[in-house]
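Visitor: Please put the model on screen, and then I will ask about it.

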Amino acid sequence: MSASARLNELKKRYNENPRRFFAPLANEFRKTGDLQMAIGICERHLAEQPSNMNGHVVYGQALFEAGRLEDAAATFANAVALDPENLIALRHLGDISRMHGDLAGAAERAHAVVDVVQQEQRLGVAVATHQVAHHRALSAPGVAEHHVEIIERRAQLYVARRAAAGGRG
């Protein structure tokens, strides 16, 4: 789907349910470079929905890209208060700290990102291991090996993708 088609679809959905679709619409405006529109939508809706973590993340990204680093830092701090493991907010807070010469703050955020990524990787492996055990216990001979191979490959791909993406989801 093209960017303009996606934007039109989100505008339609936003008109039907603004509370649910403000963050995706603002994010699409951000991606197309209309930072002021993204910022305006977020400011309007976050006043009504201060616990909308996705809205804070999109708002922070738009502020960051607009060069409003102090506002972005405060917004990402709000997002982290709502979700202490939000990788986008943690990464941006680290970037802002580094840009301001606060290397200790940047290192602290980098460690937090690494911790979250490692937790997600361990969880992914644990889930895959459980699925393997479940299929081994319930599948008929011959079929079980096939399912186990598929699940093991999926677990390996999951871990590799998460590592390659730096844990961003």
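Guide: Contact here means heavy atoms within 4.5 Å. The model is predicted: local features need pLDDT of at least 70 and side-chain atom pairs count only at pLDDT 80 or more, while totals for chains, interfaces and linings use all residues. Residues are numbered from 1 along each chain as its sequence is written, and side-chain values use heavy atoms, with hydrogens and water left out.

Visitor: Of the contacts with a separation of 6 or more, what percentage comes from residues 24 or more positions apart?
Guide: The count takes in contacts in the protein with a separation of 6 or more. Within that set, the share from residues 24 or more positions apart is 46%.

Visitor: Is H1 roughly parallel or antiparallel to H2?
Guide: Axes are lines fitted to C-alpha atoms, for helices over the stretch in contact, and angles run from 0 to 180 degrees between N-to-C directions. H1 (residues 3-16) and H2 (residues 18-31) pack at about 160 degrees, their axes 8 Å apart. That angle therefore makes H1, relative to H2, roughly antiparallel (over 145 degrees).

Visitor: How many residues of the contact of H1 with H2 are charged?
Guide: H1 contributes residues including Arg6, Lys11 and Glu16, and H2 residues including Phe21 and Glu28. Asp, Glu, Lys and Arg count as charged; Ala, Val, Leu, Ile, Met, Phe, Trp, Tyr, Cys and Pro as nonpolar; the others, Gly among them, as polar. Beside 10 nonpolar and 1 polar, the number charged is 5.

Visitor: And how many are charged where H5 meets H6?
Guide: The axes of H5 (residues 69-82) and H6 (residues 87-99) come within 9 Å and cross at roughly 145 degrees. Among the residues in contact are Phe76 and Val80 of H5 and His92 and Ile96 of H6. They divide into 12 nonpolar, 1 polar and, for charged, none.

Visitor: Which helices do the buried residues of H2 pack against?
Guide: Buried means under 20% relative accessible area (exposed is over 50%, partly exposed in between; 1.4 Å probe, protein chains only). In H2 the buried residues include Phe21, Leu25, Asn27 and Arg30. Their packing partners are H1, H3 (35-48) and H4 (53-65).

Technical notes
Helix = DSSP H or I, 4+ residues; strand = E, 2+ residues; numbered from the N terminus. Parallel < 35°, antiparallel > 145°, perpendicular 65-115°, else oblique.
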